[in-house]
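Please read it alongside the sequence and coordinates.

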Amino acid sequence: DCAFVIFPGGGYTHLAKHEGEGYAKMINCWGIDAFVVKYSVAPTMFPAQLNDARRAIQFVRYNAEKYGINPDKIIAMGSSAGGHLTSMLSTFKEDVETEANDDISKVNFLPDMQVLCYPVVDLSDDAVAHLGSRYSLLGENADKVMCEKLSPQLACDENTPPAFLWHNADDKC
């Protein structure tokens, strides 16, 4: 009765099919519903991606009864930049400008759990940040304060949904 809401990776420049549709098909084989989100990518910049992610969780939760899903068991899952978006969705609580103003927009956007697949978690430290994702999300002249706000590892607290985090041993990043 849970559902996965999947955010594919792609460095905020595109959406990697294997990290969306591929995961959804695997999860469907387990008898679990999965939704793949086509969120905004460059040249569209922040906060569009966060708005898309919030709206996706809200949509699934709002329609939970229709789909036979427990609205308290919504799992956000993302890979690479999609992992960043998933973890940002779970840690960035500030209001951002949005055009949505309907019944769906009043529903809680925070997932109940997150699965982070080799996620980008740091946009602030040039030595370890995935600069391509940062540039595509915030531009090449991104403000350091904003980079820190959008670095989920700096924003985790007692209200952050539980996370399952994984990566491959041969991941060069």
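Leaving aside its neighbours within four places in sequence, L150 is in contact with F46, H84, M88, F92, L123, L137 and L138, where contact means heavy atoms within 4.5 Å. This is a predicted model, in which local features need pLDDT of at least 70 and side-chain atom pairs count only at pLDDT 80 or more, while totals for chains, interfaces and linings use all residues. Residues are numbered from 1 along each chain as its sequence is written, and side-chain values use heavy atoms, with hydrogens and water left out.

L150 also belongs to the largest nonpolar core, which has 30 residues; V5, F7, F46, M88 and L150 are the ones that touch the most other members. A nonpolar core is here a set of buried Ala, Val, Leu, Ile, Met, Phe, Trp, Tyr and Cys residues joined through side-chain atoms within 4.5 Å, and buried means under 20% relative accessible area, exposed over 50%, and partly exposed in between (1.4 Å probe, protein chains only). Two or more residues of this core come from each of β1 (3-7), α2 (48-62), β3 (74-79), α4 (81-91) and α5, and α2 gives the most, with 5 residues. Helices (H or I, at least four residues) and strands (E, at least two) are DSSP runs, numbered from the N terminus. A second, separate core of 12 residues includes C2, I6, Y23 and A24.

Helix α5 has S133, R134, S136, L137 and L138 as its buried residues, and these pack against α2, α4 and α6 (144-149). After α5 comes G139, whose phi is positive, near 95 degrees.

A search of the whole structure finds 6 aromatic pairs. Rings of Phe, Tyr and Trp (its six-membered ring) pair if their centres lie within 6.5 Å, and planes under 30 degrees apart count as stacked, over 60 as edge-to-face and the rest as tilted. Two of the pairs are set out below.

| Pair | Type | Centre to centre | Angle between planes |
|---|---|---|---|
| F59 and Y67 | tilted | 6.5 Å | 50 degrees |
| Y118 and W166 | edge-to-face | 5.4 Å | 85 degrees |

Y118 lies in the loop between β4 (113-117) and α5 (131-138) and W166 in strand β5 (residues 163-166), so the pair ties together parts that are 48 residues apart in sequence. W166 is partly exposed, with a relative accessible area of 27%; F59 is partly exposed at 35%, and Y67 is partly exposed at 31%. Elsewhere, F7, Y12 and Y39 form one aromatic cluster. R54 lies over the face of F109, at 4.1 Å from the ring centre, the criterion being that NZ of Lys or CZ of Arg is within 6 Å of the ring centre and within 35 degrees of the ring normal.

For the chain as a whole, the secondary structure comes to 6 helices and 5 strands, in the pattern β-α-β-α-α-β-α-β-α-α-β along the sequence. The radius of gyration is 15 Å, close to the 16 Å that the globule rule gives for 173 residues, so the protein chain is as compact as a globular protein of that length; this radius is taken over C-alpha atoms, and the rule is 2.2 Å times the number of residues to the power 0.38. Buried residues make up 49% of the 173 residues. Among contacts between residues at least 6 apart in sequence, 78% join residues at least 24 apart.
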